[in-house]
Amino acid sequence: MTLPQRITPYLYVAPLIGLLAFVFGYSIVSMVEFSFKMVRGIDGPWIGLRNYRLVLGQPLFWESVGHNLLLLLAIPVMVAIALVISLLLYERLRGWKLVRTVIFIPYILAIPIVAVVLKQMFQFSGPVNEVLRWLSLDFMALDWIGSGDVALWTVMALIIWRESALGIILFLSRLLSLDEALTEVARLDGANWWKRAWYVLIPQMRGVIEFYVVISIITMLSAVFAYVYIMGGGRGGPGTSTMVVELYIYNALVRTSLPGIAAAVSVMLFAVSLLLIWVLFALRRRTDDAGT
Amino acid sequence: MTKNMITAPGFGRRGFLQGTAATLGGLGMGSLLGPLRANAQSPELTMWWWGEQELPGLQAFVDESVAAYTDAKVATMLQDTAVVISQFQTAAAAGTPPDIQYLWNGIYHMESAWLGYLKPLNGLVSEDTLRASNPTILSNFGGNTYRLGWYPLPMVWYYNKDLFEKAWLDPEAPPATWADLLAACEKLKTAGFEPVGGGVQDGYWSEWYMSHGFVQTLDTVGEAVELFIGDKDFREPRYHEHWVRLEELRTLGFLNKDMPSLELYPGIDLIVAGKLAMGPSAGSRLPADSTATNGRIGCMVMPVFGKGKLAGKPIVDMQGIGIAEGAKDPAAAAAFLEFLNTPDRLNAFHRITGWIPSSSRFSSDQIENDSVRSMWKTWGESPNITNVTNLMPGQFYEQAAIPTGQQVISGDLTGEQAGELAAQVAQEWREFNPDLVEKYQQWVVDLSK
């Protein structure tokens, strides 16, 4: 390969890298710089690793991290729901196109709108509990958003409901792109729906499932702010039961006048996200290699 | 002059046209130059303000006042709630602050003063105007005052007179002591009503409860600061007694059941709707709530349990306004603030907003609503205290004041555990903010007077 041939790919991506550097470059450099300073107003003295030490020594930070990690439990549920529904839709049952559209609606709606509506529904005296009491299921009428023991699970249920829609569409798109001859052969061989799904379809969806899992991990670690902000009363409540890392950063920056602390946590979250993106690309490369 | 022109020899059509043109031209130029001259002479001020969000009509008052003011041209900007402080601080740091800035009370503006972004008003605004506006003790630092009071926020406890009557309680004699409160709650509960509470889901109820309860244990507002800087300790029973009392209300079943899942204002709405008997509220809601209930909402001071010197006193928070250190013309800015405090403008404030301006120059006789006038006699015209939660560092507010109240109400914390958490968060705040601790230590001197 000649030198110009080796350089050519980089020349293609250079404008995009330049654009990214222009938009995010200064912010990222400032963020890293702030994380080593005690910032008041717009600047402050250099304090080395003190911000990192303070954050890593604070129970509230670790509690926030713990909540993000707990939210990862939603991912297997999301994958299972998305798989089952997409496989059912793939069977092209009557009205499947309408069902597909209805299922995707939650994902189109803005998170704050969905969260505000569900927050009203899940109040202690709200419609959900009223129905449960009407059905004489009082023991199930929990304080969904007012109890520290339940609130994070309620948020998780909302996330599962909304984010599964993306999985369904991704999986269905992959299914519709498959060669149906294999499925037909399996059907002719007498394989039932479950066997066709398990042995024929799902193995061919491996790449898209891995992609969805990694995207969902990144979501759970760094993109649940809107859910938690609305459902947790804007403060990760009740108490600190729905506090997550993003809200911790927001509070440090906006509410407690600690931009240096916010920057330190942002740097750590950024590093974790980069690591996950690297994992994603490694998986993609492995899948591609296996395919070729 | 006109007569001379008309009788002058040789005055023809050309002369008439020239004269007319000159006259009209002169008139036209005069009318153009007038404003230009005025603009050239009068300073231009910028004013960033907030408050329409909580006091509808304030925008109309600001617009009318700006239009009526002739000594300067004032450009105003209504700020978004989320950026009132950060927008000002960023502009001040960049050297382009507004001349006049809206300022919340206590630490919410004092941090800007410590950063050198605010100008002391003493010497700039007359002492008489400054004192009459009641900016509260929380606006003082190092012997200087950094805000002018603009409009008050009396912090009251609402009670529903109809529910009191139905529970055989005197609607004109609300409970004054903690024992009275417990007895009243028992009667209300027996009569089938939820006695006390509101909504704590968004956290503000926790703050308001501290405003009313925590202050009862203090002798001075400076004592609160001593708790934050570590000279005193929240683990002492006296300083977390308010959370123990809240726990008592919960364990006795006196708090409304949906309190943890309701937000602040829907919780207050329960009292207005006759579904809850008592709870903290804001006095600024009273004109509307009193009208809606035909005067059946009463205001009371939180029943007293504490033995501090501040216990049992009406609480009045104060919104304010100040001048930036980087103001282009501080004297002109001060003159505009003086203008807003003239009797004409104070009356206009009440006429347009329906609320009370913060000035002893305003006569409460102008308040037509009986409930509001009665409330203001107690909260505004009797000895009152400021809202001590405005002293809380942001970190303490977010990580202790708000969550402790929620957790005590939901039964996840006892009052004593709330005190331990508060002590831990105060310690963390000191470690995170050693520079602010020094400022707070100096502030105690002003606050303990």
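A:Arg255 and B:Glu398 form a salt bridge across the two chains, with the closest N and O atoms 3.9 Å apart. A salt bridge here is a side-chain nitrogen of Lys or Arg within 4 Å of a carboxyl oxygen of Asp or Glu. The count between chain B and chain A is four salt bridges. The model is predicted: local features need pLDDT of at least 70, side-chain atom pairs count only at pLDDT 80 or more, and totals for chains, interfaces and linings use all residues. Residues are numbered from 1 along each chain as its sequence is written, chains are lettered from A and ligands numbered from 1 in the order in which they are written, and side-chain values use heavy atoms, with hydrogens and water left out.

Between chain B and chain A, 15 residue pairs are in polar contact, both residues at pLDDT 80 or more. A polar contact is a pair of N or O atoms within 3.5 Å; within protein, one must be able to donate a hydrogen and the other to accept it, and residues adjacent in sequence count only if both atoms are side-chain atoms. On chain B, helix 4 (84-93), helix 17 (394-409), helix 18 (415-432) and helix 19 (434-447) each supply at least two residues of the side that touches chain A. Helix 17 gives the most, with nine residues. Helices (H or I, at least four residues) and strands (E, at least two) are DSSP runs, numbered from the N terminus. The side of chain B that touches chain A divides into 13 nonpolar, 11 polar and 10 charged residues. Nonpolar covers Ala, Val, Leu, Ile, Met, Phe, Trp, Tyr, Cys and Pro; charged covers Asp, Glu, Lys and Arg; the others, Gly among them, are polar.

In contact terms (heavy atoms within 4.5 Å), 34 residues of chain B meet 34 residues of chain A. The area buried between the chains is about 2700 Å², and carbon and sulfur atoms give 53% of this area. In chain B, B:Gln201, B:Glu398 and B:Phe432 lose the most area to chain A, together 24% of what that side buries. Buried area is the accessible area (1.4 Å probe) that two parts lose on being put together, summed over both.

Chain B has 19 helices and 10 strands. Chain A has 14 helices and zero strands. The C-alpha trace of chain B spans about 105 × 55 × 35 Å along its principal axes; that of chain A spans about 75 × 75 × 30 Å. Of the 449 residues of chain B, 54% count as buried. For the 292 residues of chain A, the share is 44%. Buried means under 20% relative accessible area, exposed over 50%, partly exposed in between (1.4 Å probe, protein chains only).

Over all chains, the whole structure holds 33 salt bridges. In chain B, B:Asp219, B:Glu223, B:Glu226, B:Lys232 and B:Arg238 are linked in a network of salt bridges. B:Glu223 lies in helix 10 (residues 221-229), and B:Arg238 lies 15 residues away in the loop between helix 10 and helix 11 (241-251). B:Glu223 is buried at 3% relative accessible area. B:Arg238 is partly exposed at 32%.

B:Asp269 forms another salt bridge, with B:Arg285, at 2.8 Å between the closest N and O atoms. B:Asp269 is partly exposed at 38% relative accessibility, whereas B:Arg285 is buried at 15%.
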